[in-house]
Amino acid sequence: MSTPVAIGTPRRLVEATVDGRQVRVPEGSTILDACESVGTDVPTLCYGDTLTPRNACRVCVVEVEGARTLVPACSRRIEDSMSVATDSERVRHSRKMVLELLGSSVDLSTTPGIAEWNERYDARPERFGPRAEPATMGERDARRAGEHTVGDGTTAETVEQPVKDDNDLYVRDYGKCIMCYKCVDACGEQWQNTFAIGIAGRGFDAGVSTEHDLALPDSACVYCGNCIEVCPTGALMFRSEYEMRQEGTWDEEKQSQTTTVCTYCGVGCNVTLHVQENEIVKVTSPHDNPVTHGNLCIKGRFGYQHVQQRRRD
Ligand code: SF4
Ligand code: SF4
Ligand code: FES
């Protein structure tokens, strides 16, 4: 006799409008889901499809008719009869401000989508003036809450600092960090439960840190790379990608992606191999996999050297 399969209760559909267009999405969907259902592009940075929203960046804000404030599309649930405007003057103004504040203080050169969004919202981060000199190694980590010194206004304050390069597998370039918390959440209770990293400091001096700012090899990090998987700016980067970008050889147009099965153990995680000129250059994992949700362990993420040894001249 066959075993019945529970399929759960079907979700009621919610009817609303997005920029005047009718949408029908399952109850519990976010405004972002509703926008995507009709092909409306909403920029996101701190949103992660495998993580609980943090509402940290506010670049996704939209205007809901009758609401006093703009709301983050990535976390606000859509409701019956809701009327959402994604491109009103207020929305455009807010997104422009977010993009300019981030762009003037953070290196967004490896953040996908930024150039297009800057153009769309007429964001000109350079109008805040030339960037202040980057901090020296360890200087930002040594700052204490309440010690922040405001600049003289001739330069734009920046979080730029030297790259933390302390292990063979990945580098941390916190001059590219927008403080979205995604790496912290992936390392902590949402996925890895390792809690190797957290947020230290306050305000503009806050940053991602290991306990007591230890080098990664001395910290609790288990090198799963799940933080790299979710980082939206390239602040966390495979060493292979980092070195190829330095050499000027990183070229995503030349890369193919093949999803296969990790052979290290019986769990059978899906791994997606990014290959450029017959060389594996990094490994990701499909976010829609119902078991792993984009997460891997050190073996699946970095253990491809039995296939090849990256040349280090
Ligand atoms: S590699 Fe894994 S354990 Fe290490 S900081 Fe990233 S998420 Fe945490
Ligand atoms: S390192 Fe990346 S994932 Fe972590 S807070 Fe910064 S931008 Fe977000
Ligand atoms: S993407 Fe929605 S608040 Fe950052």
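What is the volume of the largest pocket?

## Pockets

The largest pocket has a volume of about 850 Å³. This is a predicted model, in which local features need pLDDT of at least 70 and side-chain atom pairs count only at pLDDT 80 or more, while totals for chains, interfaces and linings use all residues. Residues are numbered from 1 along each chain as its sequence is written, chains are lettered from A and ligands numbered from 1 in the order in which they are written, and side-chain values use heavy atoms, with hydrogens and water left out. On a 1 Å grid over the protein atoms alone, a pocket is an open set of points with protein on both sides within 12 Å along at least five of seven lines, a cavity is a set of points where a 1.4 Å probe fits but cannot get out, and lining residues have an atom within 4 Å of a point. Grid points are joined across faces, edges and corners, and a volume is the space filled by probe spheres set on the points.

Around the largest pocket there are 33 lining residues, and Pro-112, Glu-229, Cys-231, Pro-232 and Lys-282 lie nearest its centre. At least two lining residues come from each of helix H6, strand E9 (236–238), helix H7 (239–247), strand E10 (255–261) and strand E12 (279–284), where helices (H or I, at least four residues) and strands (E, at least two) are DSSP runs numbered from the N terminus. By class, this lining has eleven nonpolar, 14 polar and eight charged residues; Ala, Val, Leu, Ile, Met, Phe, Trp, Tyr, Cys and Pro count as nonpolar, Asp, Glu, Lys and Arg as charged, and the others, Gly among them, as polar. The second largest pocket has a volume of about 720 Å³, and of the 35 residues that line it, Met-179, Gly-203, Phe-204, Ala-206 and Gly-207 are the closest to its centre. Helix H2 (89–105) gives the most to this lining, with five residues, and the lining of the second largest pocket divides into 19 nonpolar, nine polar and seven charged residues.

The structure holds two cavities of 30 Å³ or more. The largest cavity contains about 120 Å³ of space and is lined by 20 residues, with Tyr-170, Cys-187, Ile-197, Cys-221 and Cys-227 nearest its centre. Helix H5 (182–187), E6 and H6 each supply at least two residues of this lining, and the largest share, three residues, comes from H5. The lining of the largest cavity comprises 15 nonpolar, four polar and one charged residues.

The largest cavity is the space taken by ligand 1, in the sense that a molecule sits in a cavity or pocket if more than half of its atoms lie within 2 Å of its grid points. The residues around ligand 1, including Tyr-170, Cys-187, Cys-221, Tyr-223 and Cys-227, are those with a heavy atom within 4 Å of it. By class, the shell around ligand 1 has eight nonpolar, two polar and no charged residues.

## The second largest cavity and ligand 2

Ligand 2 takes up the space of the second largest cavity. This second largest cavity has a volume of about 80 Å³, and of its 14 lining residues, Cys-177, Cys-180, Cys-183, Cys-231 and Ala-235 are the closest to its centre. The lining of the second largest cavity has twelve nonpolar, one polar and one charged residues.

Of the 13 residues around ligand 2, Cys-177, Cys-180, Tyr-181, Cys-183 and Cys-231 come nearest. The shell around ligand 2 divides into twelve nonpolar, one polar and no charged residues.

## Aromatic pairs

A search of the whole structure finds three aromatic pairs, where rings of Phe, Tyr and Trp (its six-membered ring) pair if their centres lie within 6.5 Å, and planes under 30 degrees apart count as stacked, over 60 as edge-to-face and the rest as tilted. Tyr-170 and Tyr-223 form an edge-to-face pair, 6.2 Å centre to centre with 75° between the planes. Tyr-170 lies in strand E6 (residues 170–172) and Tyr-223 in the loop between strand E8 (207–210) and helix H6 (226–230), so the pair ties together parts that are 53 residues apart in sequence.

Tyr-170 is buried, with a relative accessible area of 3%, buried meaning under 20% relative accessible area, exposed over 50% and partly exposed in between (1.4 Å probe, protein chains only). The rings of Tyr-170 and Phe-302 have their centres 6.5 Å apart and their planes at 10°, so this pair is stacked. The pair links distant parts of the chain, with Tyr-170 in strand E6 and Phe-302 in helix H8 (residues 298–302), 132 residues apart. Phe-302 is buried at 5% relative accessibility, and Tyr-223 is buried with a relative accessible area of 14%. Ring pairs link Tyr-170, Tyr-223, Phe-238 and Phe-302 into a cluster.
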